[in-house]
Amino acid sequence: MAGNNAHGKVRFLNLSVIDPVERNALMAAMEQVLRHGMMVNGPELTAFEEKMARFCRRKYAVGVGSGTDALYLALRALDIGPGDEVITTCLSWVATANAIALTGATPVFADIGPDLNVDPADVARCISAKTRAIVPVHYTGRLCDMAALGELGRKHGLHIVEDAAQAFGARLGGRVAGESGILACFSFNPMKVYGACGEAGMVVTDSSELQSRLESLRYNGTVNKETCVVPGLNCRMDTLQAALLLARFPYYQKLVERRRSLARIYDERLAGVVDIPGESPDEYHVYYTYTIQSRERDKLKAFLEDQGIETKIQHPLLLPDQPAHRNAQLPRLPRARDIHSRILCIPIHEKLDTGHVEYIGEQIRTFHGRAGR
Ligand SMILES: *Cc1c(COP(=O)(O)O)cnc(C)c1O
């Protein structure tokens, strides 16, 4: 049965640059950097930071080496460290928990809601005298309830640091990803919706003091590139990645619109067959993943594989189940444990054609005994 369809293998992602116009733009950007030779801190980095700050409606953006760097440096900039607790979601890529743990603080994992984002009511339950910050993750490319989390932050004097690695450009209730926290972190890893051609990340903020702390922390904790005031790592963004991201920016909106129109096809084919993400009228989901929920998830995944359709479980381990983050006292996470056995990410990248998505939708319907119209 393998690959027995008119579409060949349907890959979960395809990172090659196919569009000849985009390809030329990227080549020209690379040429430019090779010509001027300012491989770090070049003019393209400054231009990129200015563009990103504007896009996220913030005063400052600080380019860094990755999304993981962004989270780690953001927490360091807030002086979070040993003895502190930071509340985050139990469902994320492990980078979120690692960044917290590497500052010396303890990650505390809260339960999720049906939207797969952290549940503000459970975050409230996790607050202790040691809590210093909340790191909400805009999971799958949709925003958390930042109004409720902001309210909690104000009430308890906690910093909010957004992990917006999956959600560049996502909106909810008139707010854009990265607009709400004291600091917000992005990843431009090639797998993300707005991706570089290698690793890259960014922190945005309105505070000039935090901006300069971040600029110091991203270069070995130095001031004026010489005097080290605090031990740090080298976490700078290459000029080349900034130049490529700048060149790619005009394609980003089209790419998200494409993903959104494919999501509408899935919505139409899959509503009532499996649980679909759903989207409220005041929401703009960027579909880093299109995550469905099926009670027969593992069988469905195997069935789709037999039809040549690649899918992913993001993420197969909840953060508190990761060996690196396992504690003697496992948190109670009834909703995450329940939802986690059902989630499956199906292909939604912009290089799929409508026929692929119709085909995937039809195979999922067939599996659930709902073939045809
Ligand atoms: C990708 C990702 C990160 C880390 O970003 P990198 O650029 O890969 O280091 C952090 N948090 C979340 C939620 C992510 O999806």
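In strand β5, His159 is the bridge partner of Ala133. The two strands involved are β4 (residues 131-135) and β5 (residues 159-163), which run parallel and share two bridges. Strands here are DSSP runs of E with at least two residues, helices are runs of H or I with at least four, and both are numbered from the N terminus. Two strands pair if DSSP finds at least two bridges between them. This is a predicted model, where local features need pLDDT of at least 70 and side-chain atom pairs count only at pLDDT 80 or more, while totals for chains, interfaces and linings use all residues. Residues are numbered from 1 along each chain as its sequence is written, and side-chain values use heavy atoms, with hydrogens and water left out.

Now step back to the sheet around that pair. Seven strands make an open sheet with mixed pairing, in the order β1-β9-β8-β5-β4-β2-β3. The edges belong to β1 and β3 (106-110), each with a single partner strand, so one side of each has no neighbour in the sheet. From one strand to the next, the twist averages 25°; angles run from 0 to 180 degrees between N-to-C directions, and axes are lines fitted to C-alpha atoms, for helices over the stretch in contact. As for how such pairing works, strands of a sheet pair through backbone hydrogen bonds, either parallel or antiparallel.

Take a look at β1 (residues 60-64). Five bridges tie β1 to β9 (residues 201-205), and these two run antiparallel. Along the way, Val62 faces Val203 in β9. Four of the five residues in β1 are buried, meaning under 20% relative accessible area, with exposed being over 50% and partly exposed in between (1.4 Å probe, protein chains only).

What lies across this sheet? Helix α3 lies across β1, β4, β5, β8 (183-187) and β9, and runs at about 165° to β8. Helix α7 (residues 208-217) packs on the sheet too, touching β1, β8 and β9, and its direction makes about 15° with that of β1.

In α3 (residues 67-77) you'll find Leu73, which counts as buried because its relative accessibility is 1%. Setting aside residues up to four places away in sequence, Leu73 touches Val64, Leu214, Leu217, Arg218 and Cys235, where contact means heavy atoms within 4.5 Å. Cys185 is 112 residues from Leu73 in sequence, yet their C-alpha atoms are 9.5 Å apart in space. Over in α7 sits Gln211, and at 18% relative accessibility Gln211 counts as buried. Beyond its neighbours within four places in sequence, Gln211 is in contact with Tyr60, Val62 and Thr205.

There is another open sheet to find, with three strands in the order β7-β6-β12 and antiparallel pairing. Its edge strands, β7 (175-176) and β12 (283-284), each pair on one side only. Two bridges link β6 (residues 171-172) to β7, and Arg171 stands opposite Val176 in β7.

Helix α1 (residues 20-36) packs against helix α8 (residues 239-270) at an angle of about 150°, with axes 9 Å apart. Among the residues making the contact are Val21, Ala25 and Met30 of α1 and Leu240, Ala247 and Tyr251 of α8.
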